[in-house]
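Me: I have a model open here. Can we go through some helix packing and a couple of side chains?

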Amino acid sequence: MIPRRIGFLSPLPYFAAFVAAPFAVLAGKLTGQAELFHRFGPHGLTPWLMLSAFALAACLLHAAHERSHRGLPRWPVLAIGLGLGASAWLLTRLIVPLLGDAQNLAPLLDELRLPALLSFSALWAWSFGAPERCSLSRAGAALGALVVLDFLLTAIMAHSLVLGGGYLFGETAGTSDILAFLLCLALAATLDDTREPGAPRLARWLILAGLLATFSRPGLAAGGLMCLVLEQGPFRHRLAMALSCAMAAWLSLALPLPRLTGGDDLGLGWHLAATLEALAQDPRGYLMGLPLDTPLALAMPDFQGLIWDDESQGLPVSAFNIPSSGLRLLAAWGIGGPLAVLGAAGFCAARGRSRFGLGLLTALILCAALTPVLHVPACAAALALALASAARKGTTATERSEQSAT
């Protein structure tokens with residue numbers, strides 16, 4: 001049993017992913033130390049390591065408290081805690097520098113981040129309980145407001161509309177897709193399982209406004225589909241929200257508006273063709289994945305008019321360069337990788353039998369197929385905890401009242 005006194009800490013990972021990570025990027029820009037704050041941003045692992053240590057310490061303290069109530073000594077639990085702390089210190093002081101020199105292990109460690117983040121989510125949900133969906137919608141509302149503010153400030157500073165903003169925390173390639181995916185997770189938390197009269201919740205409008213301001217085509221496609229198919233209410237209202245997402249996606253394609261966040265130079269189509277060709281040359285890759293220590297292809301992109309000579313072999317492209325989480329899982333783990341992720345998400349959605357779970361599954365399929373969001377720690381951890389919350393059977397009256405008040 002999880003003690004009630006620590007249950008209020010369950011939404012803390014949402015705060016780390018939706019609020020603290022964007023502010024870490026902003027702090028890095030303001031202080032001129034982007035590399036220092038990068039480890040606390042969406043791509044950083046430091047917040048999740050700290051939260052894992054906190055969850056593990058909470059479990060040990062709870063176990064010691066239970067042993068004390070039963071009249072058993074506490075020292076075995078304390079000894080385990082000291083041993084884990086000493087092991088973590090040794091890993092930090094001794095093994096981490098050695099891994100920095102072993103560059104051939106870097107691709108493997110990079111692919112192990114997703115299973116590690118899933119393990120963290122399981123540990124957190126077991127220690128503090130899965131966060132309520134109302135916490136996800138509130139975190140998404142805060143992020144939506146920040147994204148809209150970023151879009152407006154960027155337009156003011158540039159004296160022109162800039163797709164996806166970028167003045168505050170959006171200049172890194174793929175940032176708009178990351179923010180859009182987080183907002184899609186929050187939008188799924190606002191989907192009603194029962195049609196209720198009354199004014200729409202403020203959180204949903206802030207999330208939708210932020211999603212439109214990202215101009216992320218995968219995120220807009222997922223958001224528009226959720227509004228049209230999964231949302232409750234009159235069809236004309238759902239159609240209007242879906243058309244708004246479609247209009248924003250069309251503007252990002254048709255109008256010659258600048259975008260601060262750069263994209264992949266090779267394109268997703270090139271990576272798809274290269275991955276399929278590599279798998280065709282090694283059919284065992286469909287079951288076991290391709291070797292991570294060797295490039296899967298060589299590319300000769302046109303970088304600012306640079307002309308490659310005939311003797312140049314091109315730039316090596318490895319699995320971690322693939323700008324699609326689904327394709328990257330296929331290349332690194334074989335067909336079992338993407339099937340395991342889809343199977344776990346589908347199980348959570350089917351077990352909860354809610355529009356919340358279906359919305360999460362929609363965002364996962366569309367965004368993971370077109371962007372590398374599953375390999376971003378903030379996105380992976382938020383998705384795993386949201387799926388754990390969606391796997392609950394039914395919705396309590398307390399949760400429905402909290403969502404209505406949001």
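Predicted model: local features only at pLDDT ≥ 70, side-chain atom pairs only at ≥ 80, totals over all residues.

Reply: Residues are numbered from 1 along each chain as its sequence is written, and side-chain values use heavy atoms, with hydrogens and water left out.

Me: At what angle do the axes of H1 and H7 cross?

Reply: Roughly 15°, with the axes of H1 (residues 12-31) and H7 (residues 133-158) coming within 8 Å. Helices here are DSSP runs (H or I, at least four residues), numbered from the N terminus. The axes are lines fitted to C-alpha atoms over the stretch in contact, with angles from 0 to 180 degrees between N-to-C directions. H1 therefore counts as roughly parallel to H7 (angles under 35 degrees are roughly parallel, over 145 roughly antiparallel, 65 to 115 roughly perpendicular, the rest oblique).

Me: Which residues of H1 and H7 meet?

Reply: From H1, Tyr14, Phe18, Val19, Pro22 and Phe23; from H7, Ser135, Leu136, Ala139, Gly140, Ala142, Leu143 and Leu146. Contact means heavy atoms within 4.5 Å. By class, the contact of H1 with H7 has ten nonpolar, two polar and no charged residues (Ala, Val, Leu, Ile, Met, Phe, Trp, Tyr, Cys and Pro count as nonpolar, Asp, Glu, Lys and Arg as charged, the others, Gly among them, as polar).

Me: Now H15 and H16. Roughly parallel or roughly antiparallel?

Reply: The axes of H15 (residues 336-352) and H16 (residues 355-370) come within 8 Å and cross at roughly 160°, which means H15 is roughly antiparallel to H16. Val341, Leu342, Ala345, Gly346 and Ala349 of H15 make the contact with Gly357, Leu358, Leu361, Leu364 and Ile365 of H16. That contact of H15 with H16 has eight nonpolar, two polar and no charged residues.

Me: Different topic. Is Arg204 buried or exposed?

Reply: Buried, because its relative accessibility is 9% (buried is under 20% relative accessible area, exposed over 50%, partly exposed in between, with a 1.4 Å probe and protein chains only). Arg204 lies in H9 (residues 202-214).

Me: What does the side chain of Arg204 make a polar contact with?

Reply: The side chain of Glu231, at 2.8 Å. A polar contact is a pair of N or O atoms within 3.5 Å; within protein, one must be able to donate a hydrogen and the other to accept it, and residues adjacent in sequence count only if both atoms are side-chain atoms. Leaving aside neighbours within four places in sequence, Arg204 is in contact with Leu187, Thr190 and Glu231.

Me: And what does the side chain of Thr31 reach?

Reply: The backbone oxygen of Ala27, at 2.7 Å. Thr31 is in H1 and, at 46% relative accessibility, counts as partly exposed.

Note on methods:
Helix = DSSP H or I, 4+ residues; strand = E, 2+ residues; numbered from the N terminus.
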